[in-house]
Amino acid sequence: MVHGFSAYGRLNILNKLASQEWDILVIGGGITGAGIALDASLRGLHVGLVEKADFGSGTSSRSTKLIHGGLRYLKRGELKLVQEVGRERAILHANAPHLVIPVPMLLPIYKGGSYGYWVSSMGLYIYDWLAGVKRKEHRKMLNQREVIKREPLLKKDGLKGGGLYYEYRTDDARLTLDIMKTAVQYGTKAVNYVEVTQFLYRAEQVIGIRVKDWLTGHVTDLYARKIVNAAGPWVDGIRKLDDSLRGKRLKLTKGVHLVVDHSKLPIQQSIYFDTPDGRMVFVIPRGKITYIGTTDTSYNSLVDQPRTTKQDRDYLIHAVNAMFPEVNLSPHDIQSHWAGLRPLIYIEGKNPSELSRKDEIFISNSGLITIAGGKLTGFRKMAEKIVDLVVNQIQSSVGRSLASCSTDKIVISGGERMNKNWKEGLIQRGQNRGINELTVREWIELYGTNILEIYERYDRIPKHTSERSLLAQLQYSIEEEMTMNAVDFLKLRTGWTYFHLSQAETKAECVLQLMADLLKWNTDEKHSQKKAVEQLFKQIHEFPDEVESL
């Protein structure tokens, strides 16, 4: 159970944040901010965190949902980066086994393509060695016949063979949330829907932040020895508030993913292929759906509302149809989609695909610490660098000894004792309660061993209650995951709008009714929540011609 992360106690947490000076205040509740909060709390620092929307609602829920081993960095000669992300992937798999799952990935090799057969063979061998890949997951080179047997829908013309290797699939929003929950277990005070509006200074050094609570309208001042800007695509906006947006800055690029029914693209394993213009695209099976991505285009529009345009959609459909000639995807086959922004460091003369995914740290004259760039896989090392910096700066003033980084040894909430035997036992416990097996399996993918918390709530609900399992799930989400809005539940807590859109649309009205009762919404709030859900579904079904530029 995660104490101190309940929607019911949210205002108390914000009041606690305002009641004392903290060692570190983190701005941003994505994967980077969550990682910093966890690392800092484990070392003995007093940590506060504010997020202007919901946890993980930005880039950290809109990726390709893979913990990459860094294969494409090998092509660029970034050997150290391949080694680091391979090591980080292994750590994440060990510490969050419910969310980081190895899946086979096929790299088809074509005459004239980006990857030659022998170059690919040697590259994947080096990749296995650098990334420390487990022996059972070592790459296997396939001839043309073996590739076609594995994936008969692939284009045959020019096919020379392929490489089979492993990537690790995840749910990025759930991973972010479970890391945040773990940070809270170790003392972090975190709150969502609280936006920084101003910095507070003494002798030209930043000592605090003024924040607005978007759910109540209240304005509060928070104070800390050190303030870290980990706001992802919004970091430059935060730097502007500090009047320190100089030198290097972000270059935002947009990545889009499409979701289709698995029957429309019935692949047997994930596939990574190159397109005629040199980009690389994934197609990834996930239960009853297959998703496709990603694009990589410059982005100059509103950071809060990246949209999938018709051009984005048609580009990916064309890429899939070129690689799988018998599939004939059309716009009508798209069930859902998402668009996310990559906050890369701008380098003059580089196109979006060439920009490095490395992270950088900026320290302003006021003492504001900003971390920008980076990737999902590298969040733990990014956090370690930031907390090392903070510890070095404040060690003498905190009056207590601080530990070194230990996040490589900490099991993430929900990953405790998670193995095959435990999983089967969890399924059996759910079935013994009469809960639908598909629901139980979905819960295990979302919550890991935290499913036991949902079972406890389920047992307390009267047996003949309508939507008993959904009510138990909502109670857990509100009480243990600070779920404030119906949109956040349908999109980020469950991933339904990404992977089970029909389920989201079917359950939406019931979710609204149950949350209204649980959170005591008044008539105006019920109306507002319903409108937000309707707007979410409307956007999913729309593909604008273009997005207005800033």
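**Close-up 1. Who lines the second largest pocket.** The lining of the second largest pocket splits into 16 nonpolar, 15 polar and 12 charged residues. Here Ala, Val, Leu, Ile, Met, Phe, Trp, Tyr, Cys and Pro count as nonpolar, Asp, Glu, Lys and Arg as charged, and the others, Gly among them, as polar. The model is a predicted one: local features need pLDDT of at least 70 and side-chain atom pairs count only at pLDDT 80 or more, while totals for chains, interfaces and linings use all residues. Residue numbers start from 1 along each chain as its sequence is written, and side-chain values use heavy atoms, with hydrogens and water left out.

The volume of this second largest pocket is about 980 Å³. Its lining has 43 residues, and Glu442, Glu445, Phe499, His500 and Gln503 are the closest to its centre. Elements giving two or more residues to that lining include β16 (334-345), α11 (420-432) and α17 (501-519), but α12 gives the most, with 8 residues. On a 1 Å grid over the protein atoms alone, a pocket is an open set of points with protein on both sides within 12 Å along at least five of seven lines, a cavity is a set where a 1.4 Å probe fits but cannot get out, and lining residues have an atom within 4 Å of a point. Grid points are joined across faces, edges and corners, and a volume is the space filled by probe spheres set on the points.

**Close-up 2. The largest cavity.** There are 3 cavities of 30 Å³ or more, and the largest has a volume of about 120 Å³. Of its 13 lining residues, Leu92, Phe379, Arg380, Thr407 and Ile412 lie nearest the centre. Helix α4 gives the most to this lining, with 4 residues; α2 (31-42) and α10 (379-398) each supply at least two. Helices (H or I, at least four residues) and strands (E, at least two) are DSSP runs, numbered from the N terminus.

**Close-up 3. The second largest cavity.** This one has a volume of about 70 Å³. Among its lining residues are His68, Glu167, Tyr272, Phe282 and Lys375. Helix α3 (residues 71-75) gives the most, with 3 residues. By class, the lining has 4 nonpolar, 2 polar and 3 charged residues.

Close-up 4. Strands β17 (residues 359-363) and β18 (residues 369-373) pair in the antiparallel sense over 5 bridges; strands count as paired if DSSP finds at least two bridges between them. Look for isoleucine 361, whose bridge partner in β18 is isoleucine 371. The hairpin has 5 residues between its strands, and glycine 367 in the turn has a positive phi of about 100 degrees.
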